[in-house]
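Hi,

Here is the structure I promised to pass on.

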Amino acid sequence: MDPHSSAARRTAVLAGHLLRGSAPADGLSSALIEPAACLHYSPPELSEQPPSFDTASLRRVLDGHDTEGRDWLFRLMEESSLFCPRRRGNRTFVAPDYNQTMEQQRAVTMRRIEYLLANGVFEGWLTGSGPEALMRKFAFFECIGIFDHSLAIKLGVHFFLWGGAVQIFGTKHHHDKWLKAAENYQVQGCFVMTELGHGSNVRGLETIATYDANAGEFVINTPCESAQKYWIGGAANDATHAVIFSQLLINGTNQGVHVFIAQIRDAEGNVCPNVRVADCGHKIGLNGVDNGRIWFDNFRVPRENLLNSVADVLPDGRYVSPIKDPDQRFAALLAPLSSGRVNIAALAVCISKVGLSIAVRYALTRRAFSISASVPEVLLLDYPSHQRRLLPLIAKTCAMSSTTNFLKRLFTKRTRESNKSIHIYCSAFKATLSWHTMRVLQECREACGGQGLKTENRVGILKGEYDVQSTFEGDNNVLMQQVSKALLAEYIAAHKRKSPFKGLGLEHMNDPCPIIPSNLNSCTLRSSKFQLDLFCLRERDLFGRYANEVSQYQAQGETKEKAVLLSYQLAGDLARAFAERSILQIFIDDEMAQPAGPLKDILGLLRSMYALICTEEDASFLRYGYLSLDNAAVARKEVMKLCYELRPHALSVVSSFGIPDAFLSPIAFDWIQANSWSSLNEE
């Protein structure tokens, strides 16, 4: 064998793995095979370079608000045995015990709620006012979700959906009667919208409420099995009251979907007469939530229990509403779903931070293979391929963190005029961010190898817990179709009025079309102006393509509704372009708000990574010619360079996520000690 051949070199390296010391030049040796030295754990803080920026400052940018309040709530949960503290590897971790039965998980969820209630966590959640109170509520909800999705959803149904419906649809006498009682858990609410036969299509609900003028009551019925209420959080065991979405029949005329508040259980927990309840059973996640099914059999509700801010029924049966357009009335009824989508988007980012914090810390201490016989094995995160798996996801998560802060601020300052924009943003971001979370968790699970399968290491189990985010509060694909349909309406209206675009960040449509340089270099690719120009070019072109395709189908005799359905591919492309351009713009705004210095520099690296990885991942840039093949190749190589430059900052960035150590997992720290024989005594 030629000693200089590639085969000889590979043989020498392999021999070095088997034999202590370097193999002889001829690749042969009669030396005995000796065991390698045992691996030991070394905290990444000892080997990684110190942060080049202030991690507390980056955390304030990413958290956006209520950092101190978040830390207080994290400590409150760590201090209670209800949150399952466990010693592993000389550290204490808190996480739900998923080995419990479904019934046990539900019971402990309620005990945790009682603990948080007793410690004032929910103070002002329904009776507080002003943006600060609502932002604090959002922050606390995120912290709770980082511990347990079931606990968060149980609270979200009660406070954001049931309580939100009473706040938004109710009037003063409803507020006075129910909100304080709900905040103190004297009543427990559930949100009774979804049916077996209708989920996303709320307008098609089959439950019927008929007004009985003689009794001054509404009579609610489930007319068929497909009309049974389904997946109702809290209904199986705990909810005492419900807000019921039902078609309203007045003198034989259907006035559309309306909302009623009703008691479904008495103080002893017995289901009320004329109501039937069944359990939805075990699920792939969220088993701490008692999802149930409900049937109504001539169930009577007092007239005053119609939540009547949108419409009312007078004692004599006359139907009155300040909103004359039935479509606008229906749109107003979907307002509570916006708060739910804000929460889903924000919590999706939080869970992405958990998964990435665990996977990055593990990758900074776990080694595999060596590139030569005489050197230690290589850290996982020092492999370029491993960097490429995790670092772009970190950048995306940071950009999306800014996005959820923008969304929360927008929601807290909502007006009737801004509701449409909020709906579009909530729908786009809920879908985009929850899809991102599932991708993050899968990548982190794989990046942690077999350790990612262990429930105690969180990443794998979180996949099952958070999978539901893709379909509840609106199926993601349906939401993105709604986004593109709403954007098409804006596009058509602007052209009909011959007026400039205003709102939703679409003002760029009024400017001259951006021109992309024919030859891109690193400096240009990292320019925020170039990145935004590229994303705006994609969005405005897809607007035109989508509108033209819909028009072509209509010219062929299709209805507008059918034409929109047939154009679903361009609709999806446009919705994605809108969401990603919006996220980039928001992230740039946060970056530009910082003074020159190390923090702004790291935000610039993360922003460039976000922009270029989105460019690489969306085929639209090549399909429609926004980038040439050569420029796309240059952009792809720039992603590799950014991975190399972000690698030294990986620990500092995930440390800025603000997730306490106790809410991570054993493999994020001394995974050797956590798996040692002696640690078995800790279990």
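Let's start with a loop: phenylalanine 369 lies between helix H10 (335-363) and H11. Helices (H or I, at least four residues) and strands (E, at least two) are DSSP runs, numbered from the N terminus. Before going on, please keep in mind that this is a predicted model, where local features need pLDDT of at least 70, side-chain atom pairs count only at pLDDT 80 or more, and totals for chains, interfaces and linings use all residues. Residues are numbered from 1 along each chain as its sequence is written, and side-chain values use heavy atoms, with hydrogens and water left out.

Is phenylalanine 369 buried or exposed? Phenylalanine 369 counts as exposed because its relative accessibility is 62%; the cut-offs are under 20% relative accessible area for buried, over 50% for exposed, and partly exposed in between (1.4 Å probe, protein chains only). Phenylalanine 369 also has a positive phi of about 65°, although it is not a glycine. For background, most residues other than glycine have a negative phi.

Tryptophan 231 is another non-glycine residue with a positive phi of about 65°. Its place is in strand S6, and tryptophan 231 is partly exposed, because its relative accessible area is 47%. S6 belongs to an open sheet of 3 strands in the order S6-S10-S9, with antiparallel pairing. (Two strands pair if DSSP finds at least two bridges between them.) The edge strands are S6 (229-232) and S9 (275-279), each pairing on one side only. From one strand to the next the twist averages 25°. S9 and S10 (residues 292-296) are joined by 5 bridges in the antiparallel sense, and there valine 277 stands opposite isoleucine 294.

Now for strand S7 (residues 241-250), which has several partners to trace:

- With S3 (residues 189-192), S7 pairs in the parallel sense over 4 bridges. Cysteine 190 has alanine 242 as its bridge partner in S7, and valine 192 has isoleucine 244.
- With S4 (residues 208-212), the pairing is also parallel, over 3 bridges. Threonine 210 is bridged to leucine 249 of S7.
- With S8 (residues 253-263), S7 pairs in the antiparallel sense over 9 bridges. Here isoleucine 250 stands opposite threonine 253.

S7 and S8 form a hairpin with 2 residues between them, and asparagine 251 in the turn has a positive phi of about 50°. Why is S7 described as largely enclosed by the rest of the structure? Because 9 of its 10 residues are buried.

On to the helices. H4 (residues 67-78) and H6 (residues 131-147) pack at an angle of about 35°, with their axes 9 Å apart. Axes here are lines fitted to C-alpha atoms, for helices over the stretch in contact, and angles run from 0 to 180 degrees between N-to-C directions. Which residues of H4 meet H6? They are Gly69, Arg70, Trp72, Leu73, Phe74 and Met77, and the H6 residues they meet include Ala139, Phe140 and Ile144. Contact means heavy atoms within 4.5 Å.

The C-alpha atoms of threonine 67 and alanine 139 are separated by 8.3 Å, although the two residues are 72 residues apart along the chain. Not counting residues up to four places away in sequence, threonine 67 touches Arg59 and Arg60.

Last stop: asparagine 405, in helix H11 (residues 384-412). Asparagine 405 counts as buried because its relative accessible area is 2%. Leaving aside neighbours within four places in sequence, asparagine 405 is in contact with Val61, Leu62, Asp63, Gly64 and His65. A polar atom of its side chain lies 3.2 Å from the backbone oxygen of serine 401.

Cheers

Terms used: A polar contact is a pair of N or O atoms within 3.5 Å; within protein, one must be able to donate a hydrogen and the other to accept it, and residues adjacent in sequence count only if both atoms are side-chain atoms.
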